[in-house]
Amino acid sequence: MQLFCGPESRRDTLTYMEREMKRIKQGFTVIARMRAIRSLALQLTLALLLPATALAAENRPRWEAGIAVGVASLPQYMGSDERYTFAVPLPYIIYRSERLNFGRNGLRAELFDRGRLSVDLSLGAGMPVRNSNRARAGMPPLNFNLQAGPRINWQFYQTAHSALSLRLPWRGVMDIKGHYLGWVSEPDLYLRLIPSDNIEWRLTAGALFASARYNDTYYSVAPAYATATRPAYQARGGLHSLSLGASMLWTLDDRLRLFGSVRYRNLSPGVVAGSPLVKTPHYLSAAVGLAWSFYQSDERVQSGTADD
């Protein structure tokens, strides 16, 4: 069979190949977006919603595995007036020891003073933002990013039913293509309240700081992308926003827990408030779901950290 009979045939073949390559690229884009949503949902579940230990040392399984099912809604980026809403089932694993824990907040290691001062791994993530976002129409899309770094925790007040901590995190940010996007840090006050044996409240109040490189990625508008309604803008580093958060855990039994979480953030006091890409200074995210622990090891361990 003759594939190339002349210029027209060659052009047809090239057009066909370009069309197929475009379809393949679109397919990979959909897969990447689904993985990004699942990764962020996992991060939200592990970092905010899965069950924590009691305030005092408690005899708990060394290994625990389960699945969480929930619904979450959040803006496409901080300052966006467009949202993502998704529901995803997510597996989780928790490991506990007397001084080392892995689970809801990543790795956690006690330093000294019976756990009142500790260091752990602070985790975060950012959703991808395509140029179909109205504020960013015609601008390059933003890739899904991962955030990780150390966090120092100082629990300076504790009673039988409450604990108050100061948390000092620092996270480097990198997208899935390996581009370094700067850093973020969100010191906060973290209050845990246990009014009954099966209900726990967690309240936070913090301030987010970001590097110039991070803010430039999300909020700068290069002259080439400026329009009549989107003027050129150069973001700088500094205070990004102030936030308040609340989450609730309701333990139905040893294996079933309901969770809910809400976070409000205000960008008005921050250095990026004047960006044309900040369509609203108000950020609100929420999630609700159910966590089921289907495996708990027979081996038990005294674990009293506040956040395993």
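Tutor: Gladly! Let's start with a pair of residues: both Asp188 and Arg167 are buried. Keep in mind that this is a predicted model.

Student: What makes the meeting of Asp188 and Arg167 a salt bridge?

Tutor: The rule asks for a side-chain nitrogen of Lys or Arg within 4 Å of a carboxyl oxygen of Asp or Glu. The side chains of Asp188 and Arg167 meet at 2.8 Å, N to O. That value is within 4 Å, so the pair is called a salt bridge. In general, side chains of opposite charge can pair when their charged atoms come close.

Student: Where in the chain do Asp188 and Arg167 sit?

Tutor: Asp188 is in strand 11 (residues 188-196) and Arg167 in strand 8 (residues 162-169). They are 21 residues apart, so this pair links distant parts of the chain.

Student: How many salt bridges does the rule give?

Tutor: The count comes to eight. One of them joins the side chains of Arg151 and Asp120, at 2.9 Å from N to O. Arg151 lies in strand 7 and Asp120 in strand 6, so this pair ties together parts that are 31 residues apart in sequence. Both Arg151 and Asp120 are buried. Glu200 also forms a salt bridge with Arg202, their closest N and O atoms being 3.0 Å apart. Glu200 is buried, and so is Arg202. There is a network too: salt bridges that share partners join Glu186, Arg263 and Arg265.

Student: Why is Ser122 called buried?

Tutor: Buried means under 20% relative accessible area. Ser122 has 3%, so Ser122 counts as buried. You will find Ser122 in strand 6 (residues 117-126).

Student: What makes the meeting of Ser122 and Arg171 a polar contact?

Tutor: Here the cut-off is 3.5 Å between N or O atoms, where one must be able to donate a hydrogen and the other to accept it. The side chains of Ser122 and Arg171 are at 3.1 Å, so the distance passes. Leaving out residues up to four places away in sequence, Ser122 touches several others, including Gln147, Gly149, Arg151 and Pro169.

Student: Is Leu277 buried or exposed, and how do you know?

Tutor: Leu277 has 0% relative accessibility, so Leu277 counts as buried. Leu277 is found in the loop between strand 14 (256-266) and strand 15. Among the residues Leu277 touches are Tyr77, Ala135, Met139, Tyr218 and Arg230. Leu277 and Met78 are 199 residues apart in sequence, yet 9.7 Å apart in space, C-alpha to C-alpha.

Student: Why is Phe209 called partly exposed?

Tutor: The label covers values between the buried limit of 20% and the exposed limit of 50%. Phe209 has 33%, so Phe209 is partly exposed. Phe209 lies in strand 12 (residues 199-210). Phe209 and His240 are 31 residues apart in sequence and 5.2 Å apart in space, C-alpha to C-alpha. His240 is also one of the residues in contact with Phe209, as are Trp183 and Pro187.

Student: How do you know that the buried residues of helix 2 are on the same side?

Tutor: First, the buried residues of helix 2 (residues 212-219) are Tyr214, Asn215, Tyr218 and Tyr219. They cover an arc of only 100° around the axis, which puts them on the same side of helix 2. In an α-helix there are 3.6 residues a turn, so residues three or four places apart point the same way. What covers the buried residues of helix 2 includes strand 6, strand 9 (171-175) and strand 13 (238-251).

Student: What makes up the nonpolar surface patch?

Tutor: Trp63, Ile93, Trp292, Phe294 and Tyr295 make a patch of about 550 Å². Strand 15 (residues 282-296) gives the most, with three residues. A patch residue needs over 30% relative accessible area. Trp292, in strand 15, has 41%, so Trp292 passes that limit and is called partly exposed.

Student: How much of the whole chain counts as buried?

Tutor: Of the 308 residues, 46% count as buried. The chain has two helices and 16 strands.

Definitions and conventions: Residues numbered from 1 in each chain as written. Predicted model: local features only at pLDDT ≥ 70, side-chain atom pairs only at ≥ 80, totals over all residues. Heavy atoms only, no water. Patch = residues over 30% accessible without salt bridge, like charges linked within 9 Å, V, L, I, M, F, W, Y side chains within 5 Å. Areas by Shrake-Rupley, 256 points an atom, 1.4 Å probe, with all protein chains shown as cover. Helix = DSSP H or I, 4+ residues; strand = E, 2+ residues; numbered from the N terminus. Buried < 20%, exposed > 50% of the residue type's maximum accessible area, 1.4 Å probe, protein only. Contact = heavy atoms within 4.5 Å. Arc of directions from axis to C-beta.
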